[in-house]
Every structure is written in C-alpha cells, then in structure tokens.
Amino acid sequence: MNNNKKKSGFTGSLGFVLAAAGSAVGVGNIWRFPYLVARDGGGLFILVYLVLVLTFGFVLLTTDIAIGRKTGKNAWQAFASISPKWGFLGKLTFLVPVLIMTYYSVIGGWIVKYMVVYLTGQGNLAAQDGFFGQFITSPVAPIFFMLIFLAITALIVFRGVEKGIEKFSKFVMPILLVMIIGIAVYSLTLSYTDQGITRTGLDGLAIYLIPNFDGLTVPKFLNILLDAMSQLFFSLSVSMGIMITYGSYVKKDVDLNKSIAQIEFFDTAVALIAGVMIIPAIYVFSGTAGMTSGPSLMFVSLPKTFASMGPAGNIIGILFFVMILFAALTSNVSIMETLVANCMHIFKKERKQTCSWISIYSLVTALVICLGYNMLYFEYTLPNGVVGQLLDIMDYISNSFLMPLISLLTCILVGWVIKPSWIASEMEIGSNGFNKKHLYTFLVRYIVPVIMAILFFQSTGMLNYLTYLMK
Ligand code: PFF
C-alpha cells in the first residue's frame, strides 16, 4: 500500500495548484458568490470577503494542506496519527464528502441538461416559466443526466491522480479562465432600453462593485460577515478532507506558501469575475430584481437573461454551461477522489476496485436525491429556517453543521494541542520560511475558533435561541 502511495501524486507545483483550484472553483464561485454580493451590499460584501480570504481562508487552507503533506495521509488516518484521541475528527471530516457526494452529481446532471438544451439551440425553452421545475420533478431525465456527469467523474478518478486528476485539471482550468473572462467582457458591453430607460453593463458593474451602506446596522453587518464566512470555506473546499488528501499528494520540494497563495488567488479571481459576468447581464435586462433570486439564479434568471440577448444568447448559454460544467466536474472529482483515497486505506483495496464501489455508492445515493423531487418529495424546515427537500438537508448537514464544527475542532487541535509550530515546520520545507507564521499562530489560536463557534451556533439556529433568551 505504501509503495502505491508513493507512486501516485502530483508531478509538481502546477499540477497541484490547478487540481486544488479545480476543487475550489465550482458552482459556489459562479452561482453563489454573485448572488450573495447582490444581496449583501455589493462592494461591501466583496471587501469583507477579501479580508476573510487573506485571514481565515489562509489559515484553513494552510492547515488542511500542511496536515496532508506532513502526515502523507487522508483525513481518516491523518488526525489519528497526529493524536489518537483526535481520531474521531478524521472520521467526522470523512463524513463531509460522503454527504456532499450524494447531491453534487445531481446538480452536475442539471448542468449537463442545460448544456445540451443550449447546444441543441433550445435556449428559449429553458427561459420559459416552469421549465426548471418540470425538469427536476420529472422521473427519468434528471437521473439520466446525473448518470452522465457521474460517469465522467468516475472515469477521471479511475485513471488516478497524475493521469486522471492532474491531466484533466491542467486541460480544463485554463480554458475555464479564458471562457469566464470572455463572457464577463461581453456582459459589460450590453445595453438595453426599457420604457425609455437605458441600462448598460457598466451601470451594472457599478452596482456590483460600489459598497452599499444603506440601512446598515450592526446585526446586518454580522449577517454579512457570516454569509461571507460560510461562502469562503465552501468555496475553498476546506474542512472536508479534500485539501488534506490533495496535500498528501504534494512533493516535499514544492513551496506551499506560494501554492496556497495561488490557489486562493485563482478561487477569488474566478468568483469576482463570475460577478462581473452575471450581475451586469441580469441588471441590463431585468434591473436589480432578478439578481438576488438565490438558488434559481443559475437555472431560471440566467436563461431568461440569455433569451433577452437575442441570437447571441444561445452562444453565451453554451459557453456558460460548458464553463460551469468544467467547474463542477473538477469539484466533483475532488470529492470522489477523497472518498476513494480514504476508502483505499480503510478497506486496504486498490484504486480501481475502490473506485467502482464508490461509484455504486454515489449512483445509489444520487438516485435517492433525484427521487427527492418526485416520489420521495417532502418539505422540512431546517434549524436555520430554510424549508428544504432531501438535497437541502444533505447540504445543510455537510456545509452548515459539519464544516464549521470541523474547522472549530481543527483550530483547537492545531492551536492548543499540537501547537501552530507543528504546521509551521511543514510550511518551512521546500520554501524560504513561513513568513506569515505570527499571523497564522494568532488567528488559529484566538480568532478563527471564536468566529467558527459563532458560525456554528448561527447555522444551527442556536444563536437565535440564545439572543432570544437574553432579551
Ligand atoms: N468549492 C466548490 C465550490 O465553490 O463550488 C464546491 C465544493 C467542492 C464543495 C468540493 C464541496 C466539495 F467537496
């Protein structure tokens, strides 16, 4: 097993950075970030987010990647090898990709469906009211498209770290960047006159970038902060074992300081450019109303916007859904790889056999999630107030419950039990030193755990309960 482990890994820093950026850049950057900006005060949210990337993002990403490279193990084993008492944290971390895997392929399938709709020139159909709802509640189509998405993911993971994941990321990530920049530039050139008022892409850009302090109160600002925080660690794929697994594939001569800065830069740049692509386009054709539509933004508001663009809309639709398909695939690959890598160790089996079992697991669970929109439909009010179906429940447990809890526990372990110098010593290997050591130490010990605890209490609804009790 150990010999196999040594053989698989990224060939160098570029392969690692692009694969990790591939995991980080996903549906979260392209769909979730822009709508949060529109909802949470434009440039104000961006400013808060940038500060968090350089502080919290840096701490969480550094911790995961350094644990991975230093132990050479996956989450399941890594925490146990650091301290036997903390082995439970590895198992808890492993649970996140187990849960995310159940629904990410379902969303991936929706993306494949929309790409096919645009490729076959039926963009206007996708813009009709009720199209999305009809599609996801139909019995066969969502399963069919999910299967395609899952099969591509499994094929890449099956081929291994170097020949599958690295090769695919190196091919796809530069294309993704060029496509998103291209659509963003096009978005800025748009203009539309409605009832004598002309709205341009540049007006939309101003709405996106200029901080809006209207009606800002302390509780509102706290909410913005918490939104930015949960977006940040979903976006960076931290606290779910993925970056630990990818970190374990990095050679010792790679400068982790540089790689981590590059991954953060890539992830943030794509999120920011996604906003330039989406917000001005929606503003030009529908004003400020369509921007904050949340989950339906990608599958409902955007198709309507593309339809308003005339003939160009179908081409932009193709480019958009191909691009987001690339983003979703590289993210799904990282989730499946983490499951496969952990299970290879747990069950002491080879990659190919493990990959087949994980594919079967993913298939069965994704099927259940698909049925959650028809046969198994029910509505459930989550502790954070969101009314959701099966998919939302999985998303809630993994992102709102487990991830802040894991971040909190990991910070306690690193900050107070094994001490930040344990991480720092790994950051110094292959580099000219860990120049942000003091910042890291301060944040991991005092700031990040406190904020993670608040985030955990907020997303589990306990914060509201506490404030209610204090009134
Ligand atoms: N980081 C990805 C995004 O921003 O969309 C999402 C993601 C990837 C979530 C991998 C979870 C995951 F395991």
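**The ligand shell and its setting**

Tutor: In this predicted model, the ligand is surrounded by 16 residues, and the closest of them are G26, G28, S235, S331 and I335. Two or more residues of the shell come from each of the helices α2 (13-24), α3 (27-39), α6 (87-119), α12 (218-235) and α16 (311-346). By residue class, the shell holds 8 nonpolar and 8 polar residues, and no charged ones.

Q231 lies in helix α12. Is Q231 buried or exposed? Q231 is buried, because 22 other C-beta atoms lie within 10 Å, and the cut-off for a buried residue is 20 or more. Leaving aside residues up to four places away in sequence, Q231 touches G28, R32, F33 and L36. G28 is also one of the residues closest to the ligand. For L36, the separation from Q231 is 195 residues in sequence, while the C-alpha to C-alpha distance is 8.7 Å.

In α11, which spans residues 201-209, the buried residues are G201, G204 and Y208. Viewed down the helix axis, the buried residues of α11 fall within an arc of 55 degrees, so they line one face of the helix. The cover over these buried residues includes α3, α10 (161-188), α14 (256-286) and the strands β1 (191-194) and β2 (197-200).

Now the chain as a whole. The protein chain has 21 helices and 4 strands. Of its 471 residues, 52% count as buried. Along the principal axes, the C-alpha atoms fill a box of roughly 65 × 50 × 45 Å.

As for confidence, the mean pLDDT of the protein chain is 93, with 98% of its residues at 70 or more. Residues 1-5 have pLDDT below 50, and beyond near neighbours in sequence this stretch has 2 contacts in the model.

Methods:
Residues numbered from 1 in each chain as written. Predicted model: local features only at pLDDT ≥ 70, side-chain atom pairs only at ≥ 80, totals over all residues. Near = placed C-beta within 6 Å. Nonpolar A, V, L, I, M, F, W, Y, C, P; charged D, E, K, R; others polar. pLDDT = per-residue confidence, 0-100. Contact = placed C-beta atoms within 7 Å. Buried ≥ 20, exposed ≤ 12 C-beta atoms within 10 Å, placed from the backbone. Arc of directions from axis to C-beta.
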